[in-house]
Each structure stands twice: as C-alpha cells, then as structure tokens.
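Hello,

Here is the structure I said I would pass on. Please load it first, then read the notes below it.

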Amino acid sequence: MAALMIPPLNFEHVSPGVFRSGFPTRRNVDFMRKLGLRCIVRLCKDKYSPEVAAYMKAVSIRVVDCITEGNKEPFKCIPQRIIRKALVALSNAQYHPVLVHCSNGQQTTGCIVGCLRKAQGWALSAVFDEYRRHTAKVRALDLQCIELSSVHGVSGLQRDALLETDPEEQSRGTEDAAPMVVPQKDVHPSGSDALAGTPPAVDDAPACSEEADGSTYASRDQERPEMERRETNNEMGQTGGDASG
C-alpha cells in the first residue's frame, strides 16, 4: 500500500522549481521527499519537528533563514534586506526545488511571492489578485510592501544568486569602506600634484594680464624704469638751461 502523501498547509506551485506553503509538519515529510527539495526559505521562527529536522538533515536541505514577523500595523514592516535575501534564494537555480513558507502560508509568504512576481514583470493587478486568492485576510500593508518593493527585474537577483553574495553583508562592507576622495579638476591642474591633493606650484615669473590695447602689465612694469630715467634727464636739462640763462 502506497504511503499517503499530505502536502503542507496552503501548498501551491509558484514557478518552475519554486513552491510555497505553510509550516511543514511531520505528516508532510513523505510529500516533501517526493518533491526532492534542495532548499527551504523560512520566514517564521517556529522550530521544525524532530521528524522534519531529521529528514532535512538526511538529504542535506539548505535552510535560508529570513525570519520576520511580517507587516503589521502601524509601523512594523518586512525589511527590504529580508525581502531581497529571500528573493535571491528563490532565484538561485542551484537551490531548486525550493520551498518558501511562513506559519500559515498566507500573508507573509504571499508578500514575498508578490515581490517575486513584481520582479518577474507581473502587473500589480495580477500580483494583488494572486495574493488575495491565497489569504483569508488581506493586509493593506502587504499590498503596499509589494508595490513599494525596491527589487526590479530578476537579472540582478540571478546575478547575486550566482555570486552567492549576502546583500546584508555586502551593504555592511560598503558602509564600512572609506569614502573615495575625488580631486577637483577646476581647482588643481591635471597630474600627480592634483591627484595627491597638493596645491599647484606657484610660478616665480610675473603674472601677465592682457589689456584691451594688447599691452600687458608685465611689459609695462619693465618699461617704467626707463621712462623714469628719461623724465629725470629732461628735468635736469631744463634746470641747467634756466641756470645758464
């Protein structure tokens, strides 16, 4: 007699290799074994039963913890880093088949799946309809969270999945990095002095500013001593002439 396979509460197929449900129990072990799961994205803090834990350890199922209390009035919302971490795991083909679940498989799971649908390019009306079909109580904050999700397109999620990067660690490393100083090209000349942040060298030659008639301050300063000598000689000549007269 074949074993009776019971799916977890609110089990549903999302996309190729991706499933959603409520919290799996010992009665669902045979069904989960039939799925051949490689990964589970856990959204709640509930602990698995000894039977489920033993099965997961025996087949080396990876558990990606994205623990959250969900969206609750008035100010409690799922952090964007949690949403992105869950979506990266769901988009990683190496983790497929993958199951995402919360306690009952409705609001929180529906919110994560809705964000995934948005990243896949679904219209918001279709995303909201799917969310409503899988929940007995619609949360306005869930719909708002899906609409305001900062994850756009699956290409970035797949790239992060291939690199196996943790967005939380990546953002923390970026914040700890020293800021890069960009030299001001309008102040410093191009070259090693400008890149080092040192002021430009000052030329000892007199600065030259061209006037409207084409002459320069420097040339006029050089001619001034000669003109003064000529004026002095003329004055001395005139004084001598007056004395002889």
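Asn10 counts as partly exposed, because its relative accessibility is 30%. This residue sits in the segment before E1. Its phi is positive, about 55°, although Asn10 is not a glycine. Bear in mind throughout that this is a predicted model.

Ser60 is another non-glycine residue with a positive phi, here about 60°. Look for Ser60 in the loop between H2 and E4. Its relative accessible area is 60%, so Ser60 is exposed.

There is also a cis peptide bond, between His96 and Pro97. Omega there is about -5°. Pro97 belongs to the loop between H3 and E5. For context, most residues other than glycine have a negative phi, and most peptide bonds are trans.

**The sheet**

Five strands make up an open sheet. The order is E1-E2-E5-E3-E4, and the pairing is mixed. E1 (12–15) and E4 are the edge strands. Each has a single partner strand, so one side of each has no neighbour in the sheet. From one strand to the next, the twist averages 25°.

Two of the pairings are worth a look:

- E1 pairs with E2 (residues 18–21) in the antiparallel sense, over three bridges. His13 has Phe19 as its bridge partner in E2.
- E3 (residues 39–42) and E4 (residues 62–65) run parallel and are joined by four bridges. Ile40 has Val63 as its bridge partner in E4. Between E3 and E4 the chain passes through helix H2 (residues 50–58), and this β-α-β crossover is right-handed.

**The nonpolar cores**

Which residues of the largest nonpolar core touch the most other members? They are Val41, Leu87 and Leu90, in a core of 31 residues. The elements giving two or more residues to this core are E3, H3, E5 (98–101), H4, H5 (124–133) and H6 (140–147). A second, separate core has 13 residues, including Phe19, Leu37, Cys44 and Tyr48. Phe19 is also the bridge partner of His13.

**Helix H3**

H3 covers residues 80–91. At 1.5 Å a residue, its 12 residues should span 16 Å. The end C-alpha atoms are 16 Å apart, so the helix agrees with that expectation. The buried residues of H3 are Ile82, Ile83, Ala86, Leu87, Val88, Ala89, Leu90 and Ser91.

Ala86 lies in this helix. Is Ala86 buried or exposed? Buried, because its relative accessibility is 0% and the cut-off for buried is under 20%. Beyond four places in sequence, Ala86 touches Val41, Cys66 and Ile112. Ala86 and Leu43 are 43 residues apart along the chain, with their C-alpha atoms separated by 8.6 Å.

Thr108 is a residue of H4 (residues 107–119). With a relative accessible area of 9%, Thr108 is buried. Not counting residues up to four places away in sequence, Thr108 touches Leu43, Thr68, Gly70, Ile78, Cys102 and Arg139.

Val127 is in H5. Its relative accessibility is 1%, so Val127 counts as buried too. Val127 and Val113 are 14 residues apart in sequence, and 8.7 Å apart in space from C-alpha to C-alpha. Setting aside residues up to four places away in sequence, Val127 touches Gly114, Arg117, Lys118, Trp122 and Ile146.

In H6, the buried residues are Leu141, Asp142, Leu143, Cys145 and Ile146. What do the buried residues of H6 pack against? They pack against H3, H4 and H5. Ile146 is among the contacts of Val127.

Best wishes

Note on methods. Residues are numbered from 1 along each chain as its sequence is written. This is a predicted model: local features need pLDDT of at least 70, side-chain atom pairs count only at pLDDT 80 or more; totals for chains, interfaces and linings use all residues. Side-chain values use heavy atoms; hydrogens and water are left out. Two strands pair if DSSP finds at least two bridges between them. A crossover is right-handed if, with the strands pointing away from the viewer, the path from the first strand over the helix to the second runs clockwise. The expected span of a helix is 1.5 Å times one less than its number of residues. Buried means under 20% relative accessible area, exposed over 50%, partly exposed in between (1.4 Å probe, protein chains only). Contact means heavy atoms within 4.5 Å. Axes are lines fitted to C-alpha atoms, for helices over the stretch in contact, and angles run from 0 to 180 degrees between N-to-C directions. A nonpolar core is a set of buried Ala, Val, Leu, Ile, Met, Phe, Trp, Tyr and Cys residues joined through side-chain atoms within 4.5 Å.
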